[in-house]
Amino acid sequence: MRRVPQLSAPWLQAFETRGALSFDEQLQLGSDLYQNGHPWHAHEVWEEVWQAYQGPGRRCLQGLIQLAAAKHHTLNENIHGATTLLRRSLASLSKGEAFTNLDVQFLIKSITELLNQLDEGQSPASQSFPEVSLSIPSKAP
């Protein structure tokens with residue numbers, strides 16, 4: 001991956017201390033980074049979680065990692081790389097067991113629509129990528 005944007009507060013501190021976070025908190029951090037224009041950093045957080053995770057939904061988590069990498073490629077105007085990773089993400093999300101409180105069907109539909117636009121010769125914009133909301137329940141006191 002080419003250009004990686006610099007993080008600033010509060011994202012920088014959260015990213016640098018991610019190892020101290022719980023599993024759910026790391027998933028949420030990845031989602032927050034992705035939603036706020038930092039797909040490369042989201043990819044890094046989710047990939048670290050994925051490498052250690054052996055539970056249900058592992059393939060679905062891989063699909064999120066691939067989606068984040070595809071969005072990063074789009075930001076760097078690498079349409080071929082984005083398209084390849086979107087196809088991989090779609091396959092991972094379609095074949096994998098649902099993961100946490102993720103709306104997998106929404107992601108599958110959104111990625112399919114994005115790939116159809118690419119097949120028609122339209123250039124994707126990072127804004128046209130689907131939102132990733134993991135709906136991690138907060139821990140109330």
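## Terms and model

Buried here means under 20% relative accessible area, exposed means over 50%, and partly exposed is in between, using a 1.4 Å probe and protein chains only. This is a predicted model, where local features need pLDDT of at least 70 and side-chain atom pairs count only at pLDDT 80 or more, while totals for chains, interfaces and linings use all residues. Residues are numbered from 1 along each chain as its sequence is written, and side-chain values use heavy atoms, with hydrogens and water left out.

## L21, between α1 and α2

L21 sits in the loop between α1 (11-16) and α2 (23-35); helices here are DSSP runs of H or I with at least four residues, numbered from the N terminus. Its relative accessibility is 28%, so L21 counts as partly exposed.

Leaving aside residues up to four places away in sequence, L21 touches Q26 and L29, with contact meaning heavy atoms within 4.5 Å. G121 is another story: 100 residues apart from L21 along the chain, with 41 Å between the two C-alpha atoms.

α4 is mostly covered, with 14 of its 18 residues buried. Its end C-alpha atoms are 26 Å apart, which agrees with the 26 Å that 18 residues should span at 1.5 Å a residue; the expected span is 1.5 Å times one less than the number of residues.

Just after α4 comes E77, with a positive phi of about 60° even though E77 is not a glycine. Most residues other than glycine have a negative phi. E77 lies in the loop between α4 (58-75) and α5 (79-95), and counts as exposed because its relative accessibility is 65%.

Technical notes. Helix = DSSP H or I, 4+ residues; strand = E, 2+ residues; numbered from the N terminus.
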